[in-house]
Amino acid sequence: MKKFLLLMSLSILLQSCFSYTRALDFNAGEVQVNQEVKIYKNNGAERKGMVLSASEDQIAIIYSKTKQVLKIPVKDISGVKAKEFSAVKSFAIPTGTVLGIFLLFALALGASSL
């Protein structure tokens with residue numbers, strides 16, 4: 001049980017501090033070079049990567065899974081989101097986890113003394 005709790009708390013504490021939250025207007029030029037993005041394609045596929053170039057016709061990214069350059073035509077893109085720092089994932093979840101573990105230990109110690 002202790003190993004399970006330790007494993008679960010470590011997995012929660014070591015979550016990513018970033019998430020793709022802010023939608024970008026591709027037509028307004030909000031997509032910038034060296035920006036981490038998630039691209040949603042019209043066919044339902046998603047691609048994560050860093051922007052190499054963005055023009056009126058296409059966006060070129062380094063695809064994070066294969067480390068290859070992908071050139072995606074703008075007509076195939078349904079949405080683009082930027083990667084941003086998430087304070088909730090970085091601070092609130094780990095703090096809540098640590099407090100929960102302390103609460104469980106306090107309850108376990110209180111129950112064992114009865």
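Mentor: Begin with one residue and its contacts. This is a predicted model. Leaving out residues up to four places away in sequence, Ile61 touches Val37, Ile39, Arg47, Lys48, Gly49, Met50, Val51, Leu52, Gln68, Val69, Leu70 and Ile72.

Trainee: Which residues make up the largest nonpolar core?

Mentor: A core of this kind is a set of buried nonpolar residues joined through side-chain atoms within 4.5 Å. Here the largest one has nine residues: Val31, Val37, Ile39, Val51, Ile59, Ile61, Ile72, Ile77 and Val80.

Trainee: What pattern does the protein chain follow along the sequence?

Mentor: Read the elements in order. The protein chain has two helices and six strands, and the pattern is α-β-β-β-β-β-β-α. Of the contacts with a separation of 6 or more, 48% are between residues 24 or more positions apart.

Trainee: Which residues form a nonpolar patch on the surface?

Mentor: Val98, Leu99, Phe102 and Phe105 do, and together they have about 410 Å² of accessible area. Phe105 lies in helix 2 (residues 87–112).

Trainee: Why is Phe105 classed as partly exposed?

Mentor: The class covers values between under 20%, which is buried, and over 50%, which is exposed. Phe105 is partly exposed because its relative accessible area is 43%.

How values were computed
Residues numbered from 1 in each chain as written. Predicted model: local features only at pLDDT ≥ 70, side-chain atom pairs only at ≥ 80, totals over all residues. Heavy atoms only, no water. Buried < 20%, exposed > 50% of the residue type's maximum accessible area, 1.4 Å probe, protein only. Contact = heavy atoms within 4.5 Å. Helix = DSSP H or I, 4+ residues; strand = E, 2+ residues; numbered from the N terminus. Patch = residues over 30% accessible without salt bridge, like charges linked within 9 Å, V, L, I, M, F, W, Y side chains within 5 Å. Areas by Shrake-Rupley, 256 points an atom, 1.4 Å probe, with all protein chains shown as cover. Salt bridge = Lys/Arg side-chain N within 4 Å of Asp/Glu carboxyl O.
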